[in-house]
Amino acid sequence: SSQLSCSWPEFPRFPHFCAMATTHEDAHEMFLQELKARCAGDPGVRLAEEPPQHRPAQEDIGKPVAKGSLPRVCGYDVAVGRLAPLLWGFVQSHLANSLLALNLGFLGLAASGRCWWAAIPGLDQVATTTTSAWLTSLLSLALLVAVFTGYVPKLLPFGSVRTPAGVICNEAGKSSARNRRLRDALLAWQSSYFPSPLCRSADTCTALPFLMNPKSGKHLTYERVWLKSSDGEHFALDWVFPRDGFNPSHPVVLLLPGLAPTIHWSKMGGFISDAAVHLLAQGMTVAVHVARGTQDTPVKQHGFHGARTSDLRDAVCLTRGVLDAIGKKMGTPTSTPLFAAGFSMGGIILANYCGQYKDDTLLRGAIALSAAYDCVFNMQFKYSLNVWQPYLIHPLKNMFLRGPMAEEARRRGVNVEKALNSSNLTEFDSVVASVFNGYSGVEDYYGDMSLATGEKWQQVKIPLLAVHARDDPIIHCDALRAEEFAAGNSNLLFLITDRGGHCGWPWGWRFPMRRWQFMSGAITVFIEALLSADEAM
């Protein structure tokens, strides 16, 4: 079931909108009509039976690739340059250290056990005396205890984290009542979370939920809406509705993925699909923001980059316009509330958007999960640079090996060969994203991407919740600057857990069955508590 089995404080179910009187069928039809009238394409493209596969832009189909336009990708130099950071990153990871200690522990126990119970020729090379057998047993047991308690000696230290666990918010001023209500709801939700005993390290908290992905949400039917940006590129919104269709008495939630996969979430699953399933079960309508260049959205010249908020603005304006038009037709004084939730890179973009558009975000609230507010600070996180970022840039490198983007990158001064041999995301962005998009350097690019830059964080005018784990191995928890920002802006709230990894939070012994329930539930708790606080004020 997609319903949460754990409990949190009871709130009225969207009390502002109980007086709306219309059938779901009428509201759903009005919703689709408004979408069709406002979007740049047909919103009736159903993706249930066969999700879209990547294909080149129409004008590039059949066009031969010019000789010399792409770097040599099958040669030894590029292959080693691309694979070596991945292998070295795994060797330095806490997961590899734990696996090595686990194997040594079991091998040591097996060797000492054979020494105790049988006389085997040649065993004197492992444990020739009773004393050496005792020492081998104790050392092996110590290694196993270290593995299962998460205290394995690490080749690459994780570093210290100053941000404390708990809910961090400003409870003074005119927002004090609202923030206290949000704090109580979030603390109750956090207290119900039981970190999986099977995932002791940050790496396992991050990787195992993806490796053991139950692929929920394959039954969902998505409807794609195309939007055309001001620079002529296209991106999309994938809409999915509750069983009874759009319900104007329940919120609409925009979901922003991170570095989106090429396989559609209706086939791949993952936390986006899980969030959609959970929110639909609460009667909410969901739209997934499909970034340009991903999920069957071909790019001509202007690719994705993390500092661009105009695409999100277009998506929000489209959705807000549709909801306001439906509210006007229905004669309701208050239209359906609109929220947004971003994961990882999607959370970075969403937070930056809230700072840039100040009191004109057109959102009721926003949630950033496993995101950074200070991306320049995160450049110093060596564990992320050396272990995880080589894996994150691997699909980005592949994007520059095909299609017109590689030639466009060369034309703009990008050293494609150097980009292919970059070892982490920061190095890749310094060679590609900053040059391709006209920034003076990677710090300039990351600064433009960050909510922390300048006064943007002080300009956030809607409740913005950041959900983060102190052991996140990709984005350092201190990159949120939680205590500083919460003290200076009552609209910035933070839910910090001791464990959870990056977009992971495996829950309980049977965490694959619960999927990404902690993140999905946190979104719902925040929405319901905020709307309930509005009603109480």
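Modeller: Start with a pair of charged side chains: D231 and R292 meet in a salt bridge, at 2.8 Å from N to O. D231 lies in the loop between strand 3 (223-228) and strand 4 (234-240), and R292 in the loop between strand 6 (285-290) and helix 9 (310-330), so the pair ties together parts that are 61 residues apart in sequence. Keep in mind that this is a predicted model.

Colleague: Is R292 buried or exposed?

Modeller: R292 is buried, with a relative accessible area of 2%. D231 counts as partly exposed, at 28% relative accessibility.

Colleague: Why can such side chains pair at all?

Modeller: Side chains of opposite charge can pair when their charged atoms come close.

Colleague: How many salt bridges are there in the whole structure?

Modeller: The search finds 16. One of them joins R183 and E171, at 2.7 Å from N to O. R183 is in helix 5 (residues 176-192) and E171 is in the loop between strand 2 (166-168) and helix 5, so this pair ties together parts twelve residues apart in sequence. E171 is partly exposed, with a relative accessible area of 31%.

Colleague: What does R515 pair with?

Modeller: R515 forms a salt bridge with D274, and their closest N and O atoms are 2.6 Å apart. The two come from distant parts of the chain, 241 residues apart: R515 from the loop between helix 20 (511-514) and helix 21 (517-536), D274 from helix 8 (residues 270-281). Both residues are buried. There is also a network of salt bridges that links E34, R38 and K329.

Colleague: Change of topic. Which strands does strand 9 pair with?

Modeller: Strand 9 pairs with strand 8 (residues 365-369) in the parallel sense over four bridges, and with strand 10 (residues 492-497), also in the parallel sense, over six bridges. On the strand 10 side, L465 stands opposite L493. From strand 9 the chain crosses through helix 19 (residues 482-488) to strand 10, in a right-handed β-α-β crossover.

Colleague: How many residues of strand 9 are buried?

Modeller: Six of the six, residues 464-469, so strand 9 is largely enclosed by the rest of the structure. In a regular strand the side chains alternate between the two faces of the sheet. Here both faces are covered, with L464, A466 and H468 buried on one side and L465, V467 and A469 buried on the other.

Colleague: And what about strand 8?

Modeller: Strand 8 is mostly covered, with five of its five residues buried. G365, I367 and L369 are on one side, A366 and A368 on the other. Strand 8 also pairs with strand 7 (residues 338-343), in the parallel sense over five bridges. F339 stands opposite G365 there. The chain gets from strand 7 to strand 8 through helix 10 (residues 345-357), and that β-α-β crossover is right-handed.

Colleague: Which residues form a nonpolar patch on the surface?

Modeller: L100, L104 and L107, with about 310 Å² of accessible area together. L107 belongs to helix 3 (residues 94-117) and is exposed, with a relative accessible area of 57%.

Colleague: Last one. How many disulfides?

Modeller: The count comes to zero. As for cysteines, C354 is buried at 0% relative accessible area, and C375 counts as buried at 6%.

Methods: Residues are numbered from 1 along each chain as its sequence is written. This is a predicted model: local features need pLDDT of at least 70, side-chain atom pairs count only at pLDDT 80 or more; totals for chains, interfaces and linings use all residues. Side-chain values use heavy atoms; hydrogens and water are left out. Buried means under 20% relative accessible area, exposed over 50%, partly exposed in between (1.4 Å probe, protein chains only). Two strands pair if DSSP finds at least two bridges between them. A crossover is right-handed if, with the strands pointing away from the viewer, the path from the first strand over the helix to the second runs clockwise. Patches are made of residues with over 30% relative accessible area and no salt bridge: like charges are joined within 9 Å, nonpolar side chains (Val, Leu, Ile, Met, Phe, Trp, Tyr) within 5 Å. Accessible areas come from the Shrake-Rupley method with a 1.4 Å probe; for residues, only the protein chains shown count as cover. A salt bridge is a side-chain nitrogen of Lys or Arg within 4 Å of a carboxyl oxygen of Asp or Glu. A disulfide is a pair of cysteine sulfur atoms within 2.5 Å.
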